[in-house]
Each structure stands twice: as structure tokens, then as C-alpha cells.
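Here is a short briefing to read alongside the model. Have the sequence and the 3D view open, and follow the topics one by one.

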Amino acid sequence: MASVVSTPATQVVCPRCHTPSDMPARFCGNCGADLRRTSPLEQAAAREGVSEEEVEKVESSWTRASRGDSSSVIDRRITASNHAWMGKLVDGRYKVTDMVGRGGMGVVYKVEHQRMGKIAAMKVLHPDLADDTEVIRRFEHEAAAVSRLNHPNTVQVFDFGQANGALYLIMEYVRGQDLGAIIDRDGPLPFARAAPLFHQICGALAEAHDLGIVHRDLKPENVLVTRSTGGRDFAKVLDFGLAKISARDQAPAPVTDRTEIVGTPYFMSPEQIRGDEVDARSDLYSMGALMYNVLTGSHVFTAKNAVGVLTKHLTAEVEAPSARGSDIDPRIDEIVLRALEKDPVKRWPSASALGEAIEQAYSELVGDLPLGTSSRKMGKRERTATGLYDEPISDYRLRRADLDAYERSLERRKLYVAGGLVLGALAVAAAIAWFAFLRTTPPSTSEHEPNDDLAHATLIAIDQPVTGYLGKRIGPHDPDRDLYRVVGTDDDQERVISVHVTGLPNIDESLTLLDAAGHVVATIGEGGVGGGEASHRRRVRGPIIVEIAEVMQPGQDWAVENVSDAYELTVAIDDKPGWEIEPDGSASDAVRVTLDAPMRGWLDSRRDVDVLRWDGPPGRYTVKVDAPQVLPIAWRINGAAGFGAGSIDVELATGDLIWLSRTDAARPEGQPLPGEEDPWTLTVVPR
């Protein structure tokens with residue numbers, strides 16, 4: 001019988017979302033991008049390393065690309081050499097499981113650490129560039145520079161080396177879309193959504209600049225946007241492949257290095273274009289160009305070719321963002337224009353200073369939580385709340401701490417082989433015994449003391465009421481607290497849950513949702529003394545952990561002990577359609593509303609804000625708000641406002657926002673909140 005040779009199907013990688021697709025498809029099945037056309041940014045990036053004699057040819061190619069000329073097509077096919085990495089074991093520990101995408105310097109694969117079972121990303125230098133000493137130098141600079149960075153908004157790099165004749169880089173695996181693709185999809189972002197991302201990017205740059213690292217190619221395509229454990233946008237700055245260690249960390253660069261232009265024309269600083277030495281202030285100019293692009297949907301300067309764009313960066317005045325985008329406040333103009341000053345001395349003095357200015361503008365214009373970390377005082381105990389910037393955490397993704405622990409274990413194994421085997425056997429036996437005990441322990445219908453920390457949390461079941469007591473206090477000023485963990489949720493799955501707890505006489509309860517690390521996801525404390533608490537339809541990912549505790553009142557010296565009155569706690573999966581999902585208090589988290597489809601929700605805390613986004617066609621409609629009289633609701637649509645139940649005829653464009661809030665946000669803490677269990681209903685109908 002003749003043998004059959006199986007050849008992998010030819011694939012291409014989308015230039016926008018990096019999704020692999022089978023040939024001969026022309027458009028990406030994920031985001032719709034043209035797979036056969038070259039974007040201006042790709043052509044600009046292609047100039048790197050091109051001789052002066054070839055510049056005119058490249059610029060002509062870029063112009064043809066903008067007209068769709070097939071002669072400017074970039075080959076996006078996944079080659080046989082790319083396929084050859086599939087299933088390979090790199091350095092004896094990283095198994096290649098999938099291809100993620102291709103970039104200017106290499107191919108990115110998904111890998112699994114064989115000992116820990118956790119996933120990471122591996123960037124491999126293109127085989128046809130492996131002999132290019134300059135490219136290899138830059139790749140090594142990327143590894144050396146980025147491995148020193150540890151900011152939560154920087155893509156973490158753990159390891160690098162050489163395998164199969166190529167250099168590789170092991171980095172954090174991040175699921176999300178780049179900021180450029182989001183702009184292509186959603187258009188310009190409102191400041192309310194963009195400001196948290198800007199603030200996070202500034203944080204990543206600040207750490208890099210403190211270490212003497214300049215990114216040199218900051219642009220929306222080099223910022224991945226994923227979702228935090230609290231469901232909010234979370235930025236990850238990547239691709240420090242063009243980063244440069246500052247002069248104090250290495251010998252002065254030769255003239256050829258100093259005069260080399262590296263970067264993307266739309267986002268390059270004047271000094272970078274001139275070939276001058278660049279420092280952190282060059283990144284601040286690029287950050288200004290990035291903010292301009294995100295807020296307006298257009299670049300600071302445009303021209304028929306890259307040379308025209310570069311020339312304008314050197315000579316032309318910048319038009320204020322508000323001249324190109326509606327609803328951009330003059331204070332935002334000032335921030336962006338200062339970052340885009342042609343003289344580096346006139347720009348913001350640091351990324352931290354720029355971040356502080358963004359935070360101040362956000363506080364004044366949006367009035368939401370501050371962009372920094374906040375804390376909520378519970379009695380005499382301070383707990384850090386993750387707020388807007390709780391970092392995405394997954395037990396399945398490889399982190400630097402995991403790899404450090406693994407490396408330390410290898411060292412210990414070399415030093416204490418015999419002792420390590422004995423201790424390892426004991427540890428495995430203990431782990432198996434503990435796991436078996438945990439698996440055989442059924443969910444409880446009442447708390448098991450002590451349960452005041454994560455390690456001793458009482459196991460409970462979904463939809464099964466459980467009783468508990470806020471009894472013996474931990475200390476004179478530290479009341480009892482009870483932690484519960486829902487069985488069957490120790491995974492990375494996303495769920496929508498509602499939690500209710502009944503009240504206790506003489507005690508002001510708080511209901512807190514925690515993640516697997518003990519970080520606060522949400523805290524509810526609106527019922528006052530004797531009142532219960534509820535969290536309606538909140539999106540959580542991973543383990544469901546609930547804490548019930550007492551909130552100490554002003555002037556209260558001793559925590560209350562109540563061993564006679566029990567509260568009842570219920571955790572339920574709440575996935576029915578047509579209801580809001582928290583958090584939805586900002587434009588980025590808005591719930592979509594369609595024609596004749598009622599949307600319902602709760603305003604169950606003093607400062608709760610529910611934001612809805614019109615997802616229908618433009619036109620004039622009647623918006624109806626139904627709410628019980630006891631609920632002090634206010635609503636705002638395109639400048640029109642109302643209170644309580646009512647309706648309004650209004651012109652709606654696709655994407656317009658509808659804001660719902662309470663009128664009693666200033667009500668003192670500790671007083672019962674009227675209408676917290678009474679939902680509102682909003683319906684959009686034809687006029």
C-alpha cells in the first residue's frame with residue numbers, strides 16, 4: 001500500500017487580530033481584516049534596516065498598499081519551518097502546542113511548561129533572519145531589557161535562550177486584542193474608557209524609564225487590552241524588541257546606531273526622526289501620539305507617504321484633539337499637546353507626571369473612582385481594594401513567581417537529593433491526603449468555625465442556604481468574620497452570580513466577594529444596622545469566595561458578639577437574559593440595549609451607576625424608564641435628564657449611552673437604602 005504524506009494546510013495570520021486562517025481566504029473570519037493587503041504601519045515597520053537607496057522603493061510600495069495594489073502584498077503564510085516547531089520540546093521543559101501569530105521579528109507560539117502544566121508564549125526569531133547579527137543583537141536586547149521589568153501592565157518575560165538554531169523568548173501569555181484593533185472596531189474611545197488605559201501604560205513606562213529602558217516603538221498595536229478579574233479593561237505593554245538600554249548601562253553606541261531610525265512614523269518623536277540620542281522623553285511624545293490616535297481615531301499627522309509624515313513631526317503644528325473629536329475637553333487637549341511638544345524639555349518631565357495629570361483630569365471630568373489603588377476601612381482593619389486595576393490572574397498562566405519557584409526547587413534538588421526525595425514523598429502523600437479529604441468533604445449548610453481566613457473557609461454549594469453567626473470577636477476591635485468558598489468553582493470559568501445575606505440585630509453587616517488570592521472584587525455595605533446585604537448579577541471569574549463581617553460604627557469601641565441570632569447566606573448562579581451584569585458603571589462596561597427588548601437592573605448601592613449602550617440603528621425613539629416609587633432613580637440620555645419613572649422622545653445614534661443612577665448618593669453611611677431590592681426597567685420602542 002502506498003504511503004500517504006500529510007502536509008499541513010497552508011495558513012495565514014491576520015495582521016490585525018493575529019488569528020490564523022486557512023488559505024485561500026481573503027478576509028479574516030475573526031475580525032474581517034483583509035489578509036492580502038499591507039497596512040501603512042507594516043510598510044513603515046518594513047523600513048527598519050532598509051538602505052537609503054531602497055527608501056524610495058519602500059515609500060512607493062506603501063503608497064501602492066494604500067490603493068490596494070497587489071504588488072505590495074506581504075506574505076502572511078505559515079511556512080513549513082513555522083509548522084516544524086509544533087509539538088517540539090524546547091530546552092527540555094516548554095512544549096509548543098499552538099501558533100499565536102507573526103510579528104516583525106519573529107513568530108509567537110503558545111507553549112506549556114511540562115513540569116508545572118502552565119501556559120506561556122514563546123517568541124522565536126524568524127529563520128530567514130537568524131543569521132542577521134543586527135537582528136540577533138536587537139532580539140538579545142529585548143530579552144535583557146524586558147526580563148528586568150516587573151510592572152503588572154508590562155508583558156512579563158521569564159526566560160530566553162537558543163534552540164533548534166534559533167533564539168527564543170518565553171513570556172507571559174495574554175489573551176486580548178491590541179489597542180489598534182479596538183480603535184478599528186469601536187472607533188475613537190471616550191476619555192472615560194481611555195483614561196484608565198493611558199494611566200496603566202504610563203505606569204509601565206515609568207518603571208522601564210526608572211531602569212534606563214526606552215521603548216522606542218510605543219503605538220496602539222503594541223498595547224494589548226485584556227480583562228481584569230473585576231471585568232475592566234487592563235493594558236499590557238509589549239514588544240520591547242526595539243527597546244534600548246540607556247548609556248549608563250552600556251558602552252556608547254557607534255554612530256551607525258545613533259543615526260538609525262527605529263520606530264513607526266505615526267508615533268515617532270522629532271529627535272528619533274533626526275537620529276539623535278533618545279531618552280524617556282521620546283516615549284512621552286509617542287505616548288502623546290498614541291493618546292491622540294485613541295481619542296480621535298486619527299493620527300497626529302498624515303501624508304501620502306512615510307517621509308511626509310516624518311517631515312510633519314519635525315515642522316508642522318499639532319492640531320488640538322478637540323478639533324478632530326467631539327466631547328474632548330480643553331483639559332485633555334492640554335495634556336496631549338504638552339506630550340507632543342517638539343522640544344523634549346517642554347514635554348511632561350516623566351511618565352509618572354503624565355499619569356498624574358491623566359488621573360487628575362479623570363477625577364474632574366468623569367468623577368469616578370480615582371485611577372490609583374483605593375482602600376476601604378473595615379473597623380480597625382485596612383483592606384486594599386483592587387478597584388479599577390486589579391490585574392488579570394489565572395492559575396493556568398505561567399508567571400515569573402512560578403518560574404522562580406521552579407528554578408529554586410531545581411537548585412535545592414541538586415543540593416539535597418536524598419533529603420529532597422524524602423521530603424517530596426512526604427509532601428506528595430500529604431497533598432494527596434489533603435486533596436482526598438477536601439474532595440470527600442460535602443458542602444455545608446452551616447458555618448464551621450474557625451473560618452476567618454481563606455485556608456479555613458467553609459465549603460458551601462450553589463443555591464443552598466447556609467447559616468452562620470458573627471459571634472466571638474477576633475480581638476476587642478476586630479469583629480468576627482466568616483469566609484465561604486463555593487465548591488465546583490475552582491477553575492478559570494466566568495460566571496454571573498447573585499449573593500444575598502439576611503440582617504442581624506444590632507450589627508451592620510458587610511458582604512464582600514474575594515478572588516482566589518484574597519483580593520477584594522466587590523464590597524457591599526448598604527443595609528445599615530439590622531439590614532441585610534445583596535450583590536445582584538456580578539460577573540466573577542474563578543473561585544467564588546464570600547466574606548461576611550461586621551462594619552464598626554463611628555465611636556464604636558468594641559466589636560459586637562451575637563451568638564444567638566443567625567444570618568442566612570445564599571449564592572446563586574444568575575444567568576437569565578435581559579438583566580444587567582455588574583460591573584457596568586462606565587462606558588467600557590456598558591450593557592447593550594436593543595429595540596423592544598426590556599433591560600432590567602438594580603441600583604443597590606449609594607454610588608451605583610448603570611450604563612447602557614444603544615445597539616440599534618440611528619433614529620428617533622421613545623425611551624421608557626419604569627421604576628417603583630420607592631427607588632430614587634435619575635437617568636440621563638444625550639443631555640436630557642429625568643427622575644423616577646417616565647419616558648422621553650430622543651434622537652439616538654448607534655453607541656449612544658444611557659446613564660442610570662441614584663439621587664441619594666449623599667445619604668449617610670449606616671442608613672437603610674430604599675429600593676435596593678426593587679429593579680428598574682428600561683425599554684426603547686419606536687416613536
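**Overall picture**

In the protein chain, residues 24 or more positions apart account for 66% of the contacts with a separation of 6 or more, where contact means heavy atoms within 4.5 Å. This is a predicted model, in which local features need pLDDT of at least 70, side-chain atom pairs count only at pLDDT 80 or more, and totals for chains, interfaces and linings use all residues. Residues are numbered from 1 along each chain as its sequence is written, and side-chain values use heavy atoms, with hydrogens and water left out.

- The protein chain has 14 helices and 34 strands; these are DSSP runs numbered from the N terminus, with helices being H or I of at least four residues and strands E of at least two.
- Of the 687 residues in the protein chain, 49% are buried (under 20% relative accessible area, with a 1.4 Å probe and protein chains only).

**The five-stranded sheet**

- Five strands form an open sheet with mixed pairing, in the order β26-β28-β33-β30-β31; two strands pair if DSSP finds at least two bridges between them.
- At the edges stand β26 (591-593) and β31 (640-643), each with a single partner strand, so one side of each has no neighbour in the sheet.
- From one strand to the next, the twist averages 25°.
- Strands β30 (residues 633-637) and β33 (residues 657-662) pair in the antiparallel sense over five bridges, and isoleucine 637 stands opposite isoleucine 658 in β33.

**The four-stranded sheet**

- Another open sheet has four strands in the order β18-β25-β20-β23, with antiparallel pairing.
- Its edge strands, β18 (466-468) and β23 (533-541), each pair on one side only.
- Here the twist averages 25° from one strand to the next.
- Strand β20 (residues 494-501) runs antiparallel to strand β25 (residues 567-573), and five bridges join them; isoleucine 497 stands opposite isoleucine 573 in β25.

**A helix pair**

- The axes of helix α6 (residues 191-210) and helix α12 (residues 351-365) come within 8 Å and cross at roughly 160°; axes are lines fitted to C-alpha atoms, for helices over the stretch in contact, and angles run from 0 to 180 degrees between N-to-C directions.
- α6 and α12 are therefore roughly antiparallel to each other (an angle over 145 degrees).
- Residues of α6 including Phe191, Phe198 and Leu205 meet residues of α12, among them Leu354, Ile358 and Tyr362.
- The residues of this contact of α6 with α12 divide into 14 nonpolar, four polar and one charged (Ala, Val, Leu, Ile, Met, Phe, Trp, Tyr, Cys and Pro count as nonpolar, Asp, Glu, Lys and Arg as charged, and the others, Gly among them, as polar).

Technical notes. Angles under 35 degrees count as roughly parallel, over 145 as roughly antiparallel, 65 to 115 as roughly perpendicular and the rest as oblique. Buried means under 20% relative accessible area, exposed over 50%, partly exposed in between (1.4 Å probe, protein chains only).
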